[in-house]
Structures are given as C-alpha cells and as structure tokens.
Amino acid sequence: MDTTMKKLPAKPVDRKKQIIHWLIAILTIALIVWSFTDIDFSGIKATAGQIAGAIFAGIFHPDWKYVYNGSGEDLISQLWQTICIAFLGTFISAIISLPFAFWAAHTKHKHWYTSRTGKIVLAIIRSFPEIVLALMFIKAVGPGSAAGVLALGFHSVGMLAKLFSEAIENLEDGPNEAVVAAGGSKFHVIMFSTMPNLMPALISNTLYRFDVSIRSASILGLVGAGGIGYPLIIALQYRQWDRVGIILLGIIIMVVIIDWISGWIRKKLV
C-alpha cells in the first residue's frame, strides 16, 4: 500500500444547512415547551401517588385465576373472541378489496380519472376511524362481536385495497402480454397471469393487516364491540387492577405470538 498517498481534503461544512437544522431543533423544543403551558396541573389529586402505586401493584400482581375458569368470560375465551373478530374482519375485507384494488390501479385503465376516482373512494373509506365505525354499527346491529367484525371489515377495505392496487401497479406486463398473444381474453389475463403473480403480495399484505386488526379489535371492545376490550374497561371502572394486569399481559402475549407467526409466513412468501 502506498504510504505516500495524500489525505483527501475534508468535506466543506455547509453552514446554511447547519443553521437550518439548529433552527428546526430550537423551534421543535419551543413548541414542546409551549404545549406544556396550557396543561392544568392543578387538577392532580393529593392521592394520585397512592392510586398510581395501587395500579402498578395490581399490574405486577395479576389475577391468575382469571386466565381460564370455563365460564366463557375468562381471559383465554375473550382473547380467542378478539382473534376471531380480527380474522373475520380481515378475511371479509380482503375479498371485498380486490375489485376496489383493480378500480384504483392506474395500469388497468386507459383514462387517468378512472383510477383517480377509485383512489378517492378508498381515501374516504380510510378516513373513518374504527371506533366511530364500531359505534355506528353498534347502533345498527347491537353491541357485540358482529359490530366489531363489521367495523374492522369496512375500515380495512380502504387500506387493503390501497396496498393491493399498489401491488397491481408494480406487476410486470410481460406475463399479461404473453397471455394476450396466445389469444386470451381480459378474464384469462386476470386468472392466469395477474392473480398468480399477485398472490404473494395479497397474502403478505393481508397478514400485515391482520396484525393491525388484532390491536384494533382489542380497542373496539372498549365501546362494546366485543373482544377483550370490554372486560378491560369494566376492570378499569371498578379499579380491579389485578384483573387489568392479567388482561394487559394476555394482550401482550397474543400480539407477540400473532406478530411472530405472520412475520414468519411473510418471510416464506418473499
């Protein structure tokens, strides 16, 4: 190695960029400090420390008897109901999302406004939070798992169809052209070219959405849409902190296991 090689000149410092970064950092800190000035800390009760201690004591000393007692209202039964709500909601939305995905994919239409209207419709669907949808469906079908499934299914259509349409747009045209060259119709192109090439992306995106739906289903129970959220809100209202502790522990274990399984399946598909 040539030891006489000269060192490369140091990269010049961009003073303008440094000043911009410092200004952004100062502005961010100022906004954080300013946001605290409007919080009324006088509402904190004198017993706040004692209550916080009771909460943490209950969380770290969970009610193990609630794990399973055969009543159908225990932790395992409620977690299983949550998984079923998330699975049904995701499965229904995956089927409904396919025609919306082809509508929103710009590579499947000659006119740009056709796909643009599809994207606008999907954006409108995504704008409704699951909680709002759950409250609406509770009024329509009553409280319980059905409202949770409908809320998750409706909301997931917006996101899944968007992901599916992007996967359709990223497909290569070669296989489609080969089917057309062999005398195939549009139906043949979809069945024998588009769908087989699209299937790994469909399954991967559906599994990802199922992960999100598991978390959402746990929250929807707080408003009466079934699942583990309902016993959680009851335990919070009656300050049964040991019950809250075991429910939170169960949710954490459920989410970790589902996330690991879906991640393993997605890696196999890539």
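Reader: Ser-93, buried or exposed?
Author: Buried. This is a predicted model, and in it Ser-93 has 0% relative accessibility. The cut-off for buried is under 20%, so Ser-93 counts as buried.

Reader: Where does Ser-93 lie?
Author: In helix α3.

Reader: And what does Ser-93 touch?
Author: Gly-153, Ser-156, Val-157 and Leu-160. That leaves out residues up to four places away in sequence.

Reader: Now Ser-262. Which helix is that in?
Author: Helix α10, which covers residues 241-269.

Reader: Why does Ser-262 count as buried?
Author: Because its relative accessibility is 3%, and buried means under 20%.

Reader: What does Ser-262 touch, leaving out residues up to four places away?
Author: Leu-207 and Asp-211.

Reader: What lies 3.1 Å from a polar atom of the Ser-262 side chain?
Author: The backbone oxygen of Asp-259.

Reader: Switching to rings. How many aromatic pairs are there?
Author: The count is 4. One of them joins Phe-56 and Phe-60, and that pair is stacked. The ring centres are 6.5 Å apart, with 20° between the planes.

Reader: Why quote both a distance and an angle?
Author: Because a pair of aromatic rings is described by the distance of the centres and the angle of the planes.

Reader: Where do Phe-56 and Phe-60 lie?
Author: Both are in helix α2, residues 48-60. They are 4 residues apart, about one turn of the helix.

Reader: Are those two buried or exposed?
Author: Phe-56 and Phe-60 are both exposed.

Reader: What about Phe-100 and Trp-103?
Author: They form an aromatic pair too, and this one is tilted. Centre to centre is 6.1 Å, and the planes are 35° apart. Both residues lie in helix α3, 3 residues apart, about one turn of the helix.

Reader: How accessible is each of Phe-100 and Trp-103?
Author: Phe-100 has 24% relative accessibility, so it counts as partly exposed. Trp-103 has a relative accessible area of 29%, so it is partly exposed as well.

Reader: Which residues do ring pairs link into a cluster?
Author: Phe-87, Phe-91 and Phe-210.

Reader: And what lies over the face of Tyr-66?
Author: Arg-243, at 4.1 Å from the ring centre.

Reader: New topic. Where does UniProt place the transmembrane region feature?
Author: At residues 20-37, 79-105, 219-238 and 244-265, in an unreviewed entry.

Reader: Which residues does UniProt list for the domain?
Author: Residues 79-262, as "ABC transmembrane type-1", from an unreviewed entry. That span is 83% helix and 0% strand. Its end C-alpha atoms lie 17 Å apart.

Reader: Last thing, confidence. What is the mean pLDDT of the chain?
Author: 83, and 93% of the residues reach 70 or more.

Reader: Which elements have the lowest and highest mean pLDDT?
Author: Helix α7, residues 174-181, has the lowest, at 76. Helix α3, residues 75-104, has the highest, at 91.

Conventions: Residues numbered from 1 in each chain as written. Predicted model: local features only at pLDDT ≥ 70, side-chain atom pairs only at ≥ 80, totals over all residues. Heavy atoms only, no water. Helix = DSSP H or I, 4+ residues; strand = E, 2+ residues; numbered from the N terminus. Buried < 20%, exposed > 50% of the residue type's maximum accessible area, 1.4 Å probe, protein only. Polar contact = N/O pair within 3.5 Å; in protein donor to acceptor, adjacent residues only side chain to side chain. Contact = heavy atoms within 4.5 Å. pLDDT = per-residue confidence, 0-100. UniProt positions renumbered as here; feature names shortened; annotations may be inferred. Phe/Tyr/Trp six-rings, centres within 6.5 Å; stacked < 30°, edge-to-face > 60°. Lys NZ or Arg CZ within 6 Å of the ring centre and 35° of its normal.
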